[in-house]
Amino acid sequence: MLTSAHVVAAGQESAAPVGRRVQVFHPGGDHTLSAVVVWCGAQGGRDDAALVLVDDDPRWTAPLAPVRWGRMVTDRPGTGCETWGVPEVAQREGRAVEAVQLRGVLNPGSGIIHNQYVMDLLQHPPRWSAPGTSPWGGLSGAAVYCDRLLVGVVASDRAHSGSGQLNVVPAYVLHHDPAFRAALAAHGAPPAVLEAVELQQLADPATAPDRRESTMRSPAALLQAARQTVPFHGRRHLLDEMTAWCARDGFGAWLLHGPGGQGKTRLAHQLASLLAVDRWAVLWPRTDATTAELREVRHAAKPLLVVLDYAETRVQQLAALVEAADHHPGGTRLKVLLLARTGGDWWHQALTASSLAQDYLEAAPTRLLAPLEDDPDARPGAYRDAARAFAAALPRIEGLSGYDWASTANSLPLPVHLGWAAFGNALTLHMTALADLLDTTGPATHPDGRGPHRTGDDTAREQAEGVEDRLLGHERRYWRHSAATRGLSPGLSTPTLETALAAAHLTGAADREHADLLWRRLPALADQPRDRRDAVTAWLTALYPAAAPLPWGTLQPDRLAERHIGRTLDADPTLADRLLDGADDPQAGQLLTVYSRAAAHPVFHDRLDAHLTDLCVRQHHQLARQIITTATRTHHPAPLTTALATITTDPATTLHDLTTLATLFPDSSRRLAHEAVRLAQTLTDRYRALAEANPAAHLPDLATSLNNLSIRLGEVGLREEGLTAIQEAVDIRRALAKANPDAYLPYLAMSLNNLSVDLGEMGRPKERLTAIQEAVDIRRALAKANPDAHLPYLAGSLNNLSLRLGEVGRPKEGLTAVQEAVGHYRALAEANPDAHLPDLAGSLNNLSVQLGEMGRPKEALTAIQEAVGHYRALAKANPDAHLPALAISLDNLSVRLGEAGRREEGLTAVQEAVGHYRALAKANPDAHLPYLASSLNNLSVRLGEAGRPEEALTAIQEAAGHYRALAKANPTIITNDLPRVMDVMAWLETLPR
């Protein structure tokens with residue numbers, strides 16, 4: 001029980017009365033119960049609250065659901081709240097204690113200095129005739145809720161409020177106390193997480209530990225990450241990195257990816273509970289949350305972590321969160337943790353979806369989560385720990401309370417071949433422990449009628465791959481019992497109901513009407529009356545509840561749902577075709593995503609791959625967009641890419657279909673790169689044939705296809721073939737622009753820009769310069785006529801031109817080009833700083849380098865100082881996006897300051913750069929360790945010049961250590977960078993000590 005410290009300490013001095021016996025009662029009850037204080041804050045202090053443990057007593061009715069804690073995260077006033085209590089105003093002599101329910105609002109700014117909430121009561125304060133007392137006396141210790149979230153406990157009547165306000169001790173103050181958290185943990189409360197009060201309607205209920213224990217009838221429920229049945233362990237180093245990342249100011253994103261069951265969601269829950277100590281709030285958004293709803297995150301004024309699970313399927317929601325970050329004031333920390341089964345293409349597309357996304361996500365750390373149980377020697381202990389944790393929880397499952405689970409867990413034989421790599425996956429190990437326990441109650445039914453996969457002849461692979469089937473066998477008992485209870489069986493057969501369950505998880509449904517449309521696509525249910533179909537929906541809702549309007553949730557963990565779906569599709573491949581007949585785009589996309597995940601299970605031996613490929617080829621008119629999107633997001637794209645290859649090379653595929661398919665391909669995709677080349681080549685061949693027959697009509701299309709083909713060829717390393725294609729495109733567009741310059745000059749400039757890139761990659765710098773010079777000339781003319789449309793492209797080409805001129809030994813002309821680029825970007829940034837300020841800062845950095853090379857150090861210093869100023873402002877608002885660029889510009893600034901004789905300032909600048917690089921390299925060493933090594937080299941030089949040779953030597957030795965480590969992965973670093981380090985070390989040896 002949660003109450004007030006001054007209530008349990010009544011009659012005592014200020015000493016905390018932990019261990020004191022107290023009496024508790026239910027209003028309206030006829031008895032009191034004995035309890036003991038297990039934690040107590042300070043009477044009248046900021047933490048004026050206490051925890052009381054009620055002794056075992058059959059007359060005590062404990063809460064059915066765990067408490068969900070919350071905190072205010074915005075500064076917006078008027079958040080509704082309520083409380084129940086037994087104040088003096090409600091009591092009458094000689095009558096039972098009466099309760100009062102009060103409604104009010106919380107305004108986050110009220111009481112903020114003293115870490116209080118102030119509840120403004122909506123009821124008019126009652127008249128009260130007892131001088132010196134409050135009508136609300138006796139209300140102290142009452143819980144204050146904002147909808148479903150416990151946000152605090154009533155402490156007192158607020159002074160000078162005329163009894164119209166109550167002081168409330170916030171939940172975040174309590175959770176800041178390690179002793180409070182320890183008391184909760186010691187008595188079985190789940191790890192504390194503070195949810196975002198004002199955003200709670202966005203929260204996914206499946207991620208919160210609020211399910212009532214009386215409804216936990218499925219043993220598989222114990223595997224859900226939100227329940228945290230098995231205590232968290234390991235990942236200490238990664239958690240330290242992530243908490244350090246959260247501690248950085250402003251916005252930040254982090255991508256954590258890995259196979260299903262690797263522990264991503266558990267890690268996120270653990271991080272969330274750690275952040276509660278520092279008063280963070282956490283939001284796990286619903287999968288159906290709209291982009292408009294998610295943009296409300298921009299109002300967060302307290303530290304907030306947003307966890308986006310299955311982020312690869314929620315790219316639009318990620319874009320909405322980026323927009324929210326762009327409108328967030330930046331004064332508090334706002335972090336987005338992305339959990340995905342795979343990185344790669346979908347992440348690259350999310351980064352490049354807009355300049356805004358690139359700014360906010362480009363520097364986000366990405367991490368492939370390694371297996372948790374990677375050490376075979378540690379697996380027996382982990383298995384035993386999991387079995388004991390499940391044994392403690394299994395009595396709460398309906399029908400499983402009559403077993404001695406603790407003894408069973410201790411006597412289980414260890415699985416054969418725990419050393420096999422599959423048992424490094426935490427979920428596989430946990431599922432095996434749970435299945436082994438359940439199997440002791442009797443064999444589960446396998447889909448093909450066999451018993452569980454646990455014979456003495458089983459191999460380790462079969463045991464690991466079969467554990468889902470073993471658990472599904474036990475889950476079927478739950479399905480059948482529920483169906484019989486609801487009167488669905490024997491009227492509907494078990495196969496019919498299990499097919500409905502697979503269909504529900506394959507496509508989902510937005511609401512009950514949507515669900516009925518789904519059932520009409522199943523032959524066994526289509527001819528049933530509406531009330532019978534509704535009963536199937538109700539059955540699924542009872543099995544796996546979801547927040548309205550969604551009719552049902554999902555069987556978790558997902559690997560169980562995928563295995564059941566895979567078994568169903570393997571037995572009836574035509575089911576997917578029937579489900580697609582009338583499916584909307586979200587349902588079609590979900591079907592392909594879940595189908596591909598199910599096909600990835602090795603137990604199906606590639607049979608589902610062939611079925612999925614055939615489905616995509618048959619239904620490509622309906623599925624083209626979803627095939628491409630899913631192929632870039634799933635961790636098992638092979639069936640989808642095979643389908644794309646088949647569609648592309650089929651002579652029967654029309655030009656219209658091929659063109660439509662090409663528009664759906666992402667601009668850049670490593671996963672689909674070869675399929676993109678194949679499609680671009682097919683389109684080029686088709687248009688070439690058409691252009692030969694009718695050049696006036698089809699030459700522009702041929703030029704476009706050649707331009708696209710050159711880009712696709714370059715992505716797969718076929719640069720010579722790409723150069724040939726772009727040269728032909730330039731020739732065609734040059735002829736077209738000569739005849740119709742207004743229509744085709746912009747396209748000619750684009751192709752010339754691409755030609756310049758390809759020529760450079762082929763080692764032909766002079767021709768490269770010629771191509772970019774012509775592109776600049778064309779874009780200059782276009783920008784003169786229409787600056788709004790073409791000036792950004794001109795500025796970009798001028799930046800490129802300046803670099804190309806430097807490559808051929810024409811630095812003066814290069815300087816002129818970059819100066820013009822800076823001028824254009826300055827004008828663009830004044831009109832639209834959000835879009836163009838990073839471009840201006842980058843071109844200023846380039847200008848500083850070129851001015852330095854031209855022997856104009858003062859102007860070079862001025863340019864880099866301005867660049868640093870812009871990057872500093874950008875990095876303050878969005879450190880993940882702009883901190884790397886700030887560090888680079890600080891490095892350059894230190895060089896310029898040294899050249900100007902301002903060595904102490906130069907040393908300060910490079911020290912700041914090294915500090916930033918350390919933080920960046922800790923979060924993402926692959927991307928930033930080379931820059932840290934280079935910056936340390938620069939720091940060593942600056943320290944040597946400042947007469948601090950010992951520190952200089954330490955810095956250069958660290959740089960050398962990093963370079964040696966990097967050289968193991970990339971030997972070219974030895975020739976490119978280590979000699980510089982050795983030179984600096986030799987120079988340091990000449991300095992006096």
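Trainee: Which residues have the most contacts inside the largest nonpolar core?

Mentor: A nonpolar core is a set of buried Ala, Val, Leu, Ile, Met, Phe, Trp, Tyr and Cys residues joined through side-chain atoms within 4.5 Å, where buried means under 20% relative accessible area (1.4 Å probe, protein chains only). Here the largest such core has 180 residues, and Phe390, Leu394, Trp479, Trp519, Val536, Trp539 and Leu591 have the most contacts inside it. Helix α33 (residues 857–877) gives the most to this core, with nine residues; helices are DSSP runs of H or I of at least four residues, and strands are E runs of at least two, numbered from the N terminus. This is a predicted model, in which local features need pLDDT of at least 70 and side-chain atom pairs count only at pLDDT 80 or more, while totals for chains, interfaces and linings use all residues. Residues are numbered from 1 along each chain as its sequence is written, and side-chain values use heavy atoms, with hydrogens and water left out.

Trainee: How is α33 placed against α32?

Mentor: Axes are lines fitted to C-alpha atoms, for helices over the stretch in contact, and angles run from 0 to 180 degrees between N-to-C directions. Helix α32 (residues 833–853) packs with α33 at an angle of about 155°, their axes being 8 Å apart. The two helices are therefore roughly antiparallel, a term for angles over 145 degrees.

Trainee: Is Ser218 buried or exposed?

Mentor: Ser218 is buried, with a relative accessible area of 6%. Leaving out residues up to four places away in sequence, Ser218 touches Ile397, Glu475 and Tyr478, contact being heavy atoms within 4.5 Å.

Terms used
Buried means under 20% relative accessible area, exposed over 50%, partly exposed in between (1.4 Å probe, protein chains only). Angles under 35 degrees count as roughly parallel, over 145 as roughly antiparallel, 65 to 115 as roughly perpendicular and the rest as oblique.
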